[in-house]
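Work through the exercises below with the model open beside you. Try each task before reading its solution.

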Amino acid sequence: MTTPFVSIKTITYNHEKFIAQCIEGIMMQKTNFSFEYIIGEDCSTDNTMKIVQEYAAKYPDVIRIITSEKNVGAATNDHRTDLACKGKYVAFCEGDDFWTDPYKLQKQVDFLEANHDYGMVHTNLSCVKDGKTIKSLRGEEMLPTGNVLDDVLKGNHMATATVCMRNELLQKINIGKKIVDEKWKMGDYPLWIEIAAATKVHYMKDDTITYRIHDDSVTHKLDWNGDYRFFKDRYLIKKYYIEKFDRKHLLPFVSNIYHRELLKYAIFLKKEDLRQECSTYFKEKATGNEYLYRILSRYKMFDSIFCFLYTSRKKLKIIA
């Protein structure tokens with residue numbers, strides 16, 4: 001294979017129900033450039049590898065399988081596929097998601113080719129859960145574009161499968177090493193922050209992929225304790241980068257959002273130390289709308305009402 005212009009990467013583990021649709025979404029791309037497709041298969045215990053191998057045999061000039069003799073975990077699998085990418089640009093699609101726009105890659109690469117001061121582009125998306133689909137999740141809203149570091153530090157608004165970026169940035173940042181060193185549980189969010197600190201980021205309103213929520217997902221199958229650990233990790237990542245990139249003016253906002261969410265975990269997990277932390281915070285900070293959080297953090301008598309309202313609201317939403 002000659003050096004491809006674009007690399008597309010997928011990491012997959014036990015995705016036998018989804019991986020074929022993922023691969024089809026990649027292989028249907030209509031482009032005026034060559035691309036390679038790297039699939040990091042992490043020794044699945046179902047038929048994922050068999051399906052991947054069948055597609056690799058069908059497209060031997062495009063698909064490359066990265067694997068090993070034993071399961072290495074998501075972080076290492078992600079890192080080794082990063083290192084395998086040879087193209088000028090890299091696009092992502094995890095094994096349980098799928099691309100829906102056959103011109104996704106062309107549109108994103110065209111933008112990056114025409115705008116050298118931008119290093120990454122992401123798009124709108126659809127979402128599917130239990131057979132129900134929400135199309136164009138972001139609607140006509142224009143998400144932040146350009147210098148977006150502060151926006152990304154406030155919250156992650158980028159879906160991995162929508163992203164296309166310059167490979168030189170991916171290799172330079174080498175986020176896989178950082179994730180291992182810091183023992184972070186997520187890899188995409190730190191990467192978006194590092195990218196936003198290094199270059200401009202563009203958002204396209206085009207709905208190009210479908211993000212799948214399912215019970216086999218690493219994140220969506222978590223119980224409250226597992227979900228809390230991800231939540232805590234995300235907060236520590238924000239604090240780390242606020243310090244690293246000297247964005248201390250964001251701390252009041254980030255801290256406020258953190259304690260609102262922390263109160264939820266304090267109530268559901270019945271953890272008194274978390275409740276006390278929230279109570280202390282809102283006693284000092286609460287004004288106006290925040291007064292409700294002060295009341296909730298102080299009086300357990302409202303816990304059952306809070307749990308009922310939160311659970312009912314979550315059932316009505318396709319995305320929690």
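**Exercise 1. A salt-bridge network**

With which residue does K300 form a salt bridge, and how far apart are the closest N and O atoms?

*Solution.* The model is predicted: local features need pLDDT of at least 70, side-chain atom pairs count only at pLDDT 80 or more, and totals for chains, interfaces and linings use all residues. Residues are numbered from 1 along each chain as its sequence is written, and side-chain values use heavy atoms, with hydrogens and water left out.

Step 1. Apply the criterion: a side-chain nitrogen of Lys or Arg within 4 Å of a carboxyl oxygen of Asp or Glu. K300 meets this with E272, at 2.9 Å between the closest N and O atoms.

Step 2. Helices are DSSP runs of H or I with at least four residues, strands are runs of E with at least two, and both are numbered from the N terminus. K300 sits in the loop between α12 (291-298) and α13 (303-316), and E272 in helix α11 (residues 272-285), so the pair links parts 28 residues apart in sequence.

Step 3. Check accessibility. Buried means under 20% relative accessible area, exposed over 50%, and partly exposed in between (1.4 Å probe, protein chains only). K300 is partly exposed at 48%. E272 is partly exposed at 42%.

Step 4. Look for a second bridge. D303 pairs with R275, with the closest N and O atoms 2.5 Å apart. D303 lies in helix α13 and R275 in helix α11, so this pair also ties together parts 28 residues apart in sequence. Here D303 is buried at 14%, and R275 is buried at 5%.

Step 5. Join them. Salt bridges with shared partners connect E272, R275, K300 and D303 into one network. The whole structure holds 18 salt bridges.

**Exercise 2. A buried charge**

Which side chain of opposite charge is nearest to E41, and how far away is it?

*Solution.* Step 1. Locate E41: strand β2 (residues 35-41).

Step 1. Assign charges: Lys and Arg count as positive, Asp and Glu as negative, while His and the chain ends are not counted. The nearest opposite charge is R80, 6.6 Å away. E41 is buried and has no salt bridge.

Step 2. Find what the side chain does reach. That is the backbone nitrogen of C43, at 2.9 Å.

Step 3. List neighbours by contact (heavy atoms within 4.5 Å). Leaving out residues up to four places away in sequence, E41 touches several residues, including T12, V52, I65, N77 and R80.

**Exercise 3. An aromatic pair**

What is the geometry of the pair W224 and Y265?

*Solution.* Step 1. Recall the rule: rings of Phe, Tyr and Trp (its six-membered ring) pair if their centres lie within 6.5 Å; planes under 30 degrees apart are stacked, over 60 edge-to-face, the rest tilted. There are 18 aromatic pairs in the structure.

Step 1. Classify. The centres of W224 and Y265 are 5.6 Å apart and the planes meet at 75°, so the pair is edge-to-face.

Step 2. W224 is in helix α9 (residues 224-244) and Y265 in helix α10 (residues 251-269), so parts 41 residues apart in sequence are tied together. W224 is partly exposed at 26%, whereas Y265 is buried at 2%.

Step 3. Contrast Y241 and F245: this pair is stacked, 5.7 Å centre to centre, with 10° between the planes.

Conventions. Polar contact = N/O pair within 3.5 Å; in protein donor to acceptor, adjacent residues only side chain to side chain.
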